[in-house]
Amino acid sequence: MSRRSPAAAAAAAVEAAVDPTFVPRDPAVRDGPWNAVDAGLVQTAQQQASALHGSSSSSSSAGSSSSSSVAASSAGVVLLGQTAEQLGELAKSMGQPAYRGKQLADGVLKGAKRVADIKGLPASFIAQLQEAGVKTGRSAVHHTVRAPDGTSKLLLQLGEGRLIEAVGIPAQDSSKERLTVCVSSQVGCPMRCTFCATGKGGFARNLTAHEIVDQVLAVSELHGTRASNVVFMGMGEPLLNLPNVVAAAALMQQQLGMSGRAITISTVGVPNAINRLAQHKLTATLAVSLHAPNQELRKQLVPSAAAYPLEALMQDCAAYFKATGRRVTFEYTLMSGTNDAPEHARELLALLRHYKLMSHVNLIPWNPVGESEFERPSRARVDAFKAVLERAGLPVSVRTTRGLEAAAACGQLRNMHQKQGLSNPQQLT
């Protein structure tokens, strides 16, 4: 492996220790092999995801029925993510006509950050909503950066003061402009991938469906155009938060008018989760983050591979394709001297051939992370790796490096701004 000098690594460790950057890890979590503490945090995240989704689906207003429930958070009723019919029930419970529900739903989707920002509502109804603790579900924009190539990154402040990242990537496709939004699914991440900025920190909680959709709205508003694509490749492991990720994908289609095929859900691999995802029969693309062509190397880069071996992951990918008919794509982050040699490429080919999954590989030159030991590969090494795959007829692409100036790697910008929750978080009421 190509690593930085011990002195540089030590300096980075000191900087990481004093710079308020991460959601702090559980004190029991340690670098190195996957262990029972890690497994416990993963189980906790999955249990929390189910409970969070259940609470968001339960009734929280006196006038709502089981068929038209209004989602609630700890702060009260949340408008974002609800249908006009559901919000109509809320309006009726407050003595308002049902058509106010459509005004509420449209107002939030058109950019209202506070209940008082929704146009056309009587002042008395606004006062009722505010007194009841009703919130739009929109997050405050804490910080924004833009790169010269148009890439943007937003830090969104959640109600308790935690920060999450969302990225906007504009592109021109023939005569049509596209905007891809990269969304986070968790605050932090418990998976501990060694090369990931988010993985260097800890795990705080899962995001609700409306907090995920809010990221798409925020990036779209910044760029002044609707999102054409959404990728679940930001902070967190999406399949640990499966119920809320699936719900968010449905909302994107139902309320933002997106095609299911324009949504990509990424995973580094969670036991049994790919099988559960298949049961939802989504038209979204599944992207599996491999990063290594064999089990031993993968355990070094992705410690959770010890609990979910590469062979089991590939078997689940093959079963997913058989069950859904949807091809699986593979993500492979290239790190200089670690996993980017031609022999690694040949080994990757053999792996995909064995499982009849020669669909598509997306090569990702590693984005530098200040406290990491890895190095970005040269263009020559990337091209050589790609050439091995292409000669064998495997469809392959190289992710264009976008927004390095914007700290575009997952978790990097958030790491520049926060370790603990903000002391005085903005309140959107």
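**Ground rules.** I number residues from 1 along each chain as its sequence is written, and I use heavy atoms for side-chain values, leaving out hydrogens and water. Since the model is predicted, I take local features at pLDDT of at least 70 and side-chain atom pairs only at pLDDT 80 or more, while totals for chains, interfaces and linings use all residues.

**Gln215.** I looked up its place and found it in helix α6, residues 209-223. Helices here are DSSP runs of H or I with at least four residues, strands are runs of E with at least two, and both are numbered from the N terminus. Buried means under 20% relative accessible area, exposed over 50%, and partly exposed in between (1.4 Å probe, protein chains only). I then listed its contacts (heavy atoms within 4.5 Å). Setting aside neighbours within four places in sequence, I have Leu156, Ile164, Glu165, Ala166, Val181, Val183, Ser184 and Leu207.

**Aromatic pairs.** I find 2 in the structure. Rings of Phe, Tyr and Trp (its six-membered ring) pair if their centres lie within 6.5 Å; planes under 30 degrees apart are stacked, over 60 edge-to-face, and the rest tilted.

Tyr332 and Phe385 have ring centres 5.1 Å apart and planes at 35 degrees, so I log the pair as tilted. Tyr332 sits in strand β12 (residues 328-334) and Phe385 in helix α12 (residues 379-391), so this pair ties together parts 53 residues apart in sequence. I note both Tyr332 and Phe385 as buried.

For Trp366 and Phe374, the centres are 6.3 Å apart and the planes at 75 degrees, so I log that pair as edge-to-face. Trp366 counts as buried at 4% relative accessibility, and Phe374 counts as buried at 4%.
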